[in-house]
Amino acid sequence: MVFLNLKLANLNETGRKAQISILLSEFEIPPIQDVLLIGRRAPIGPEAVQRMIDVLSPEQYENIRLSDGPFEAVVIRKSLSRLITREKLLNIILEEGCRIANETAVLKAQINIVLNINVEVDL
Amino acid sequence: MMLKASDVMSSPAITAEILDSVGKVAIIMEKYQIGGLPVLDKGKLCGIITSRDVRRTHPNRIVADAMCKNVVYVDKDASLWDVKSILEEKKLERVPVLDNHKLVGIITKTDILVEIGRHTDPLTGLKTGSYIRALAENILKDRNELTVIFFDLNNFGHINKTHGHVYGDRCLKIVGRIFAENTSGGLYLPGRYAGDEFIVITTEKKDNAGLWADEIIKKIVNTTKNKGMPISVAAGIAGGRRKDARAETHLSATIDDLINLASLASTSSKQNCVPVSFSN
């Protein structure tokens, strides 16, 4: 991340002054991380999100429409379902999402799944 | 001539694009005072967005996220009565009109009601002859039985000349009301054909239609007699003896024939001083 702070104080001693701040950071691709929860009255809908991921990250996400609850759809990174079933993950995400969000929200979530594997072998 | 969707539709229809914002659609609706827009995706109809959809959706959303995707549409050649039925059955306010998969217009419930209002006889409140003809075409198109009953008031010209046209109009109103009151079940569909002539169509066979016509004539005679303006009526019946359903290729010509035959049968009733006659 690069942070530029240009002070223009000396450009005009007597007039009005402007301070320009530029925050540069890398664009996150894909911009929705692992999961996106889309509220029923959110400013963007599942169709718009679908078009965005089709262009930015084709075939990497699954757009799941929901019939009940505050969320209209959940967009999940497909690779997560290799580690945990879609239904299990969806239940956990929706349960947590419903606690903190309402119909107008669009929430993105980062999911870290750590597998602990212990294997015993004969020496 | 049967009225078609293309005769009544507003064309060209004001539309929205699938990637328009809901906010933009709201402005269009307000500007043109309309409650619904067909939605196009690369020129093809893909949905419809209504003011209700707009009210409950964030204005930043694209139309694709607010519209109804299961859009009901009609062909430009669909009859007006079919369009009316679709609007009523599906509880819709408007329906897009397509010509070979291309949007060519839109019809609202109001358009239909205005058009049907044009087909209502202001004196009797019954439908006009052209409306009844269109209904008859639909009955034949659906391969149903069709019987035409033609009623002609006897000596009505003489009544007008003797008692005046206002008196004559009162008689016609009474007769119209009798038809309306005795056809509420929908099995018999009455209309004012012209002057002192009335037409009723039904899917009943000719014998049942004959019994019904006889009853109506008795009611007209008794009611007008009790009101001090006695009228007698002659009726003629045609059709209503189809053995098997068959495809009609010339619906309009078939209906012309049936009306003509029923009319001639009513003349025969007059000449023979009988209430009801059947065409051969």
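Biologist: How many residues of chain B are in contact with chain A?
Modeller: On the chain B side there are 6, and they touch 8 residues of chain A. Two residues are in contact if their C-beta atoms, placed from the backbone, lie within 7 Å. This is a predicted model, in which local features need pLDDT of at least 70 and side-chain atom pairs count only at pLDDT 80 or more, while totals for chains, interfaces and linings use all residues. Residues are numbered from 1 along each chain as its sequence is written, and chains are lettered from A and ligands numbered from 1 in the order in which they are written.

Biologist: Chain B itself, then. How many helices and strands?
Modeller: Chain B has 10 helices and 12 strands. Those are DSSP runs numbered from the N terminus, H or I of at least four residues for helices and E of at least two for strands.

Biologist: And what percentage of chain B counts as buried?
Modeller: Of its 280 residues, 38%. Buried means 20 or more other C-beta atoms within 10 Å of the residue's own.

Biologist: Which residues have the most contacts inside the largest nonpolar core?
Modeller: B:Val148, B:Ile149, B:Ala235 and B:Ile237, in a core of 44 residues. A nonpolar core here is a set of buried Ala, Val, Leu, Ile, Met, Phe, Trp, Tyr and Cys residues joined through C-beta atoms within 7 Å. There is also a second, separate core of 16 residues, and A:Val35, A:Ile38, A:Tyr61 and A:Leu89 are among its members.

Biologist: What is B:Ile149 in contact with, leaving aside neighbours within four places in sequence?
Modeller: With B:Val200, B:Ala209, B:Ala213, B:Ala235, B:Ile237 and B:Ala262.

Biologist: Helix packing next. At what angle do H8 and H9 of chain B cross?
Modeller: Roughly 140°, for H8 (residues 165–181) and H9 (residues 206–226), with the axes coming within 10 Å. Axes are lines fitted to C-alpha atoms, for helices over the stretch in contact, with angles from 0 to 180 degrees between N-to-C directions. H8(B) and H9(B) are therefore oblique to each other, a label for whatever is not under 35 degrees (roughly parallel), over 145 (roughly antiparallel) or 65 to 115 (roughly perpendicular).

Biologist: Which residues meet there?
Modeller: B:Cys171, B:Ile174, B:Val175 and B:Ile178 from H8(B) meet B:Ile216, B:Lys219, B:Ile220, B:Thr223 and B:Thr224 from H9(B). That gives 6 nonpolar, 2 polar and 1 charged residues.

Biologist: And how do H7(B) and H8(B) cross?
Modeller: H7, residues 156–163 of chain B, crosses H8(B) at roughly 135°, and the axes come within 6 Å. H7(B) is therefore oblique to H8(B). B:Phe156, B:Ile159, B:Asn160 and B:His163 of H7(B) meet B:His165, B:Tyr167, B:Gly168 and B:Cys171 of H8(B). By class the contact has 4 nonpolar, 4 polar and no charged residues.

Biologist: Changing topic: where is B:Met67?
Modeller: In the loop between helix H3 (51–55) and strand S4 (74–75) of chain B.

Biologist: Buried or exposed?
Modeller: B:Met67 is buried, because 25 other C-beta atoms lie within 10 Å. Its C-alpha is separated by 4.4 Å from that of B:Ile49, 18 residues apart along the chain. Apart from neighbours within four places in sequence, B:Met67 is in contact with B:Val39, B:Gly47, B:Ile48, B:Ile49 and B:Asp53.

Conventions. A residue is buried if 20 or more other C-beta atoms lie within 10 Å of its own, exposed if 12 or fewer, and partly exposed in between; C-beta atoms are placed from the backbone. Ala, Val, Leu, Ile, Met, Phe, Trp, Tyr, Cys and Pro count as nonpolar, Asp, Glu, Lys and Arg as charged, and the others, Gly among them, as polar.
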